[in-house]
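Please look over the sequence and the structure before reading on.

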2 protein chains.
Amino acid sequence: MTEVIRTSAELREKVAAWKRSGMLVGVVPTMGALHDGHLSLARAARGQSDRVIVTIFVNPMQFNNASDLDKYPRDEAHDLALLEAEGVDVLFAPGVDEVYPEGFATKVTVGGVSEPLEGAMRPGHFDGVATVVSKLFGMTQAGRAFFGEKDWQQLQVVKRLVEDLNIATRIIGCPTIREEDGLAMSSRNVRLSPAERAQAPVLHAEMQKAAEAMRAGTPVAVALEAATRAITAGGFGAVEYLELRTVDGLRPATDLSEPARLLAAAWLGDVRLIDNIAV
Amino acid sequence: MTEVIRTSAELREKVAAWKRSGMLVGVVPTMGALHDGHLSLARAARGQSDRVIVTIFVNPMQFNNASDLDKYPRDEAHDLALLEAEGVDVLFAPGVDEVYPEGFATKVTVGGVSEPLEGAMRPGHFDGVATVVSKLFGMTQAGRAFFGEKDWQQLQVVKRLVEDLNIATRIIGCPTIREEDGLAMSSRNVRLSPAERAQAPVLHAEMQKAAEAMRAGTPVAVALEAATRAITAGGFGAVEYLELRTVDGLRPATDLSEPARLLAAAWLGDVRLIDNIAV
C-alpha cells in the first residue's frame with residue numbers, strides 16, 4: 001500500500017520513525033501526470049533506498065506562464081495506482097497552502113548553470129525549482145533524490161544547489177525514457193493532437209542526426225543550422241534554442257574537445273517540448 | 001577539549017557519529033571575537049543539547065562594506081580558550097574557500113522581515129546571512145541553533161528562513177547580554193575609543209527612556225524624536241534608524257496596541273552600534 005500524506009508535519013513524523021531504524025530514504029520529486037519516465041525513477045529509488053517517497057506537487061513558483069500552469073495535466077488517482085504497482089511507500093501530495101503558507105517569503109536562486117537555455121526562456125523558472133526542491137529535501141530528509149536527465153539543465157541546477165547549500169541529499173540522475181519512435185516521455189505529450197504526436201519524433205531524430213554529423217566532423221554551427229531547418233520543416237513552429245553545451249557548467253561549446261550535450265526546446269502547436277542528448 | 005574542525009567533510013563525519021548515538025546537536029553560529037553574549041549562547045546550547053558546535057566564520061557575503069569586513073576583530077586562539085572553558089565540543093572554523101569554493105553560485109533571499117532597518121541600510125546583508133546560515137545548518141545538521149536577541153531582526157530572518165525552507169533546525173533566541181552600564185555586548189565595541197566607550201551607553205539609556213515614555217502615554221513619534229535628539233546630544237553621530245516595530249512581522253508600529261520592539265542603529269565615531277528592547 002502506498003500511503004498518501006498531505007502535510008509536512010505528518011511526513012516528518014513518518015520519516016523520523018524510518019530514520020530511527022537506520023533506513024535510507026529516497027525521494028522522487030514530480031509534478032504528477034506520471035509516465036514511464038517517472039516510474040523508472042521510482043524503480044531506481046526502490047533499488048537504492050530502504051523507503052521511497054514520490055512527491056506530486058505542481059509548483060506554481062516554477063511556472064512563468066499562468067496558462068501553462070492551468071493546462072498542466074493532473075490525475076492523482078491514476079498516479080497513485082501507478083505508484084502502488086511500483087511499491088512506493090509514500091505519495092506526498094501537499095496542497096499549495098501547505099507548501100507556501102501565508103507569510104512565506106524565501107527564494108533560493110542558483111546562478112550560473114541556471115542562466116542560459118530554459119533560464120533565459122522562462123524567467124524565474126529555476127528559482128521556483130530550487131526553492132521547492134530545497135523545501136522538499138527539508139520535508140523528506142531524503143538521503144537520495146532521483147531526477148530524470150530529460151530535464152538536464154534542472155539536474156545540473158539541483159546538483160549545484162545541494163553542493164552550495166551543503167544539503168545532505170545525494171542527487172542521482174537517471175536516463176531519459178523515450179517512446180518507441182524516440183520522443184522523450186513528458187507529461188506535456190498528452191496535450192499533442194494526433195497529427196502533432198505523429199510529427200513530434202522529428203525533434204529527437206534531427207538532434208541525433210546533428211550529433212552524428214558533429215562526431216563525423218561537420219562544424220557545430222552547420223549541423224545546428226541544418227537540424228533547426230529540418231525540425232521546422234517537420235512541423236515544429238519556433239525552435240527556442242538548439243545548442244551544444246559543455247557537460248561541465250553548461251558553457252557554450254563550439255567543438256567536441258570536451259564532453260558536450262545537445263539541448264533543444266521547440267514549440268509544436270501550443271505545446272513546448274524539450275529534449276537533450278549526449279554528443 | 002574543544003576539537004577544532006575546518007572542513008565540512010570532517011564535520012559531517014563527526015556529526016554522523018553523534019547522530020547514530022541519538023544525540024541532539026546544538027549550534028551557535030558566530031563571527032568570532034567572542035564576548036559574554038556569545039558565551040551565554042554556548043551555555044544555553046550546552047543546557048539544551050547533547051553536543052555543542054560553535055562556528056566561527058567571518059562571512060564576506062554578509063558584509064556590504066569592505067572596510068567593515070577588514071576591520072572586523074579576529075582572535076581565534078583567545079576564542080578557543082573561552083570555548084574550552086564552556087565545555088564546547090567542537091569549534092568549526094572553516095576558511096572562506098571551504099564555505100564558498102570555486103563555482104559557488106547560490107543565494108538564499110528572505111523577503112519581508114529582512115527588508116526594513118538593517119536590510120534597508122545594508123543592502124545584501126541578510127541574503128548573506130540567510131545563505132551562510134542555510135549552509136551552516138546543512139553542515140552541522142543541528143537540531144537546535146542559538147541566536148542572540150541583540151540581532152533581533154536577524155533572529156526574525158532566520159526563523160522565517162527555517163520555516164520557509166522546512167529546515168529541521170529549531171531556532172532559539174536568547175536575551176541580549178549587556179555591560180553593567182547597559183551597553184549591549186558586541187564584537188565591534190572593542191573598536192570604540194575610551195571616550196566613545198564612555199558615551200556609548202547613552203544609546204540604550206535613551207531607548208529605555210523612550211520605551212517608558214511610550215508606556216506612560218507619550219505618542220510614539222514624540223518619544224522617538226526626543227530619544228534621537230538625546231542620543232546625538234550624547235555624542236553619537238547619525239542615528240540611522242530608531243523605530244518602533246511590531247514583534248510579529250516587524251511592521252511599523254504607531255502605538256502599543258500589539259507587542260512591539262524598539263530598534264536602533266547609530267554611529268559613534270566610525271563604529272556602527274545596534275540595539276533593541278521590548279516596549
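A salt bridge is counted where a side-chain nitrogen of Lys or Arg lies within 4 Å of a carboxyl oxygen of Asp or Glu. A network of such salt bridges links Asp68(A), Lys71(A), Glu118(A), Arg122(A), Arg188(A), Arg191(A), Glu240(A), Asp270(A) and Arg272(A). Over all chains, the structure holds 46 salt bridges.

This is a predicted model: local features need pLDDT of at least 70, side-chain atom pairs count only at pLDDT 80 or more, and totals for chains, interfaces and linings use all residues. Residues are numbered from 1 along each chain as its sequence is written, chains are lettered from A and ligands numbered from 1 in the order in which they are written, and side-chain values use heavy atoms, with hydrogens and water left out.

**The two domains of chain A**

- Chain A is assigned domain 1 (3–174) and domain 2 (187–278), with bounds that come from an automatic or database domain assignment.
- The C-alpha centres of domain 1 and domain 2 of chain A are 26 Å apart.
- In chain A, 21 residues of domain 1 are in contact with 18 residues of domain 2, where contact means heavy atoms within 4.5 Å.
- Between them, domain 1 and domain 2 of chain A bury about 1800 Å², of which 57% is on carbon and sulfur atoms; buried area is the accessible area (1.4 Å probe) that two parts lose on being put together, summed over both.

**Salt bridges between the domains**

- Five salt bridges are counted between domain 1 and domain 2 of chain A.
- Glu149(A) and Arg261(A) form a salt bridge, with the closest N and O atoms 3.6 Å apart.
- Arg261(A) lies in strand 9 (residues 260–268) and Glu149(A) in the loop between strand 6 (144–148) and helix 8 of chain A, so the pair ties together parts 112 residues apart in sequence.
- Helices (H or I, at least four residues) and strands (E, at least two) are DSSP runs, numbered from the N terminus.
- Arg261(A) counts as buried, at 9% relative accessibility; buried means under 20% relative accessible area, exposed over 50%, and partly exposed in between (1.4 Å probe, protein chains only).

**Other salt bridges**

- Lys107(A) pairs with Asp127(A) in a salt bridge, the closest N and O atoms being 3.8 Å apart.
- Lys107(A) is in strand 5 (residues 106–110) and Asp127(A) in helix 7 (residues 125–140) of chain A, 20 residues apart.
- Lys107(A) is partly exposed at 36% relative accessible area, whereas Asp127(A) is buried at 18%.
- In chain B, the side chains of Arg251(B) and Glu258(B) meet in a salt bridge (3.2 Å, N to O).
- Arg251(B) is partly exposed at 38% relative accessibility, and Glu258(B) is partly exposed at 31%.
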